[in-house]
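Subject: Structure handover

Hello,

My notes on what was found in it follow.

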Amino acid sequence: MTSSAKSESGPAENRQRSGSDAPSVAEINGFVDRFNWRERSRIHCPGEGVIDRVSADDWISRLRRPDKTVNLPGLTLVPANAPLAALLNAQRQAGSGSPFCIADAAVVTRVAQEFNRRNEFRFSFNGQSGGGAKDSNSSGAPSFVTVSGGTTGFPRLVARTHASWIFSFEHLHALGGTREGDRVGVLGSLGYSIHAYAAFEALHLGADVLLLSGMRPDRQMVALAQMDATVIYATPTQLRLLGQKGNVEPAPAIRRVMIGGAACDRTTLEAVERQFPNAEIYGFYGSSETSFVSMAKLDSGQTGQGQLFPRVEVMIRPAPKTAIEGPQTGEIWVRSPMVFSGYVGPGAKRCPESWFDGYFFTGDVGWLGPGGTLAVVGRSDRIVRVAERSLALDEIEAQLSAAPGVRHVAAVAVPDHLRGSRLTVAVKLESGTSLADVTNYWRGRFDRHLVSSDIRELDPWPSLPSGKTDYEAIRRLFSESGG
């Protein structure tokens, strides 16, 4: 169903909701307000063994290393650096209904220090209709807290209810996702929501969890094959690293690959098809704040627009400050049962500018297509003016990533005393690919006014702990060198 509505803010907005009238969690599975650990689900961790639900508490009590959880008023911080201990501790907290947050040790330390300095720990709930809501049994505390991947600055702590994730567990299951008996590979730190989500979904639905974080990518690939993994959640960067060594055998048991965190370029998709020849591959759009917004099946080198997830409503609002070509392109605002409750932390504040009529602003721009589809152009703060034109840096990256031999690409704008901003590009190349090849590819496909005279190869590639590209480091590098 598509409609438009005028608001006090100006022009008409374009709104659309998923055409699915899929049942709610309560209708599917009875009222479930808390993560479950099904009887048959087990956790496999190389070097630590196999843990089932019955033995989990006993294993925690006999830990060879101390349980380094940090208790703050209303929240337990669980360091993610020891994956098995972190997952068991978090699952124990979830089962008791106690609010918890799995985070990398640096984040845990920072949050604890801030609490000690300010002697406060605030839970900021947005209270928006149609979004996440406070847990009625938590006296204002969230059910649990995830950590945003973030592209700059310190990661945000995002408050959630169990139900906001359980909703997507059940609907993904109905759409052919994780099911009882699957073996779900978890490749990265549980301190980031995509990996924590994969682990909790598996345990809740009766699947096994394979904790593979901390291993070298080529060894992860071997482990996925040897352990007969059937499902993985991963970012494009993680998938590229899995296939970096060409002599690693494929994993034929993988039946489903879920790709999130960033758009998947064609080169990475082709590599994933070789690595997991029997898998259905899906790319999903969402964030730590929204969970799933849209999802697309990726095959034959096509990425396409994503179909809106069940019960998701999207509104496209005009974005005059970041106007780009296409009259229907604007800010993406989302309302659904999966939207977060609010931000958490010392001095956490509400962000009313991010909410409108119950919709949350994702920070991205895009446009709505026919039949309940969504096309994402990129981050609104990554649309810049260069040579009197508005450019979507994410879109430029997507085009250049299709160049043969390009493993990573980052487009940034740096100050230019003549033009205000200047487009510059960093790449990391496969062995045997020359920078001249990439430069010729660039110049043959982009408007001559936009062709950068500064395309630079970077190795190693600047990355954040979440695995995302560190744009701020690249921007500093170009600025300091006079790029």
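**Notes on the model**

Cysteine 45 is buried, at a relative accessible area of 10%. Buried stands for under 20% relative accessible area, exposed for over 50%, and partly exposed for the range in between, with a 1.4 Å probe and protein chains only. The model is predicted, so local features need pLDDT of at least 70 and side-chain atom pairs count only at pLDDT 80 or more, while totals for chains, interfaces and linings use all residues. Residues are numbered from 1 along each chain as its sequence is written, and side-chain values use heavy atoms, with hydrogens and water left out.

Cysteine 101 is also buried, at 1% relative accessibility. A disulfide is a covalent bond between the sulfur atoms of two cysteines. With the criterion of a pair of cysteine sulfur atoms within 2.5 Å, the search of the whole structure returns 0 disulfides.

**Overall**

The protein chain has 483 residues, of which 57% are buried. Its secondary structure comes to 12 helices and 28 strands. These are DSSP runs numbered from the N terminus: H or I with at least four residues for helices, E with at least two for strands. Taking contact as heavy atoms within 4.5 Å, 66% of the chain's contacts with a separation of 6 or more are between residues 24 or more positions apart.

Helix 4 covers residues 105-118, which is 14 residues. From first C-alpha to last it reaches 20 Å, close to the 20 Å expected at 1.5 Å a residue; the expected span is 1.5 Å times one less than the number of residues. The buried residues in helix 4 are Val107, Val108, Val111, Ala112, Glu114 and Phe115. They sit on the same side of helix 4, because they cover an arc of only 160 degrees around the axis. The arc is taken over the directions from the helix axis to the C-beta atoms. An α-helix has 3.6 residues a turn, so residues three or four places apart point the same way. On the other side of helix 4, Ala106, Asn116 and Arg117 are exposed.

What covers the buried residues of helix 4? The cover includes strand 5 (70-72), strand 6 (75-79), strand 7 (100-103) and strand 10 (157-160). Just after helix 4, asparagine 119 has a positive phi of about 55 degrees.

Helix 11 (residues 435-445) has Val438, Thr439, Tyr441 and Trp442 buried. These buried residues fall within an arc of 160 degrees when seen down the axis, so they line one face of helix 11. Asn440, Arg443 and Gly444, on the other side of helix 11, are exposed.

**Salt bridges**

A salt bridge here is a side-chain nitrogen of Lys or Arg within 4 Å of a carboxyl oxygen of Asp or Glu. How many salt bridges does this rule give? The count is 13.

- Arginine 53 and glutamate 39 meet at 2.4 Å, N to O. Arginine 53 is in helix 2 (residues 53-61) and glutamate 39 in the loop between helix 1 (25-29) and strand 3 (42-45), so the pair ties together parts 14 residues apart in sequence. Arginine 53 is partly exposed at 37%, and glutamate 39 is partly exposed at 47%.
- Arginine 183 pairs with aspartate 208, with the closest N and O atoms 3.9 Å apart. The pair links distant parts of the chain, strand 11 (residues 183-186) and strand 12 (residues 208-211), at 25 residues apart. Arginine 183 is partly exposed at 22%, whereas aspartate 208 is buried at 11%.
- Arginine 379 pairs with aspartate 364 at 3.4 Å between the closest N and O atoms. Arginine 379 lies in strand 23 and aspartate 364 in strand 22 (residues 359-369), 15 residues apart. Arginine 379 is partly exposed at 34%; aspartate 364 is buried at 9%.

**Threonine 373**

Strand 23 (residues 373-379) also holds threonine 373. Is threonine 373 buried or exposed? Threonine 373 is buried, as its relative accessible area is 11%. Its side chain reaches the backbone oxygen of proline 370 at 3.0 Å. Leaving aside neighbours within four places in sequence, threonine 373 is in contact with Gln16, Gln305, Gly306, Gln307, Trp367 and Leu368.

Regards

How values were computed:
Polar contact = N/O pair within 3.5 Å; in protein donor to acceptor, adjacent residues only side chain to side chain.
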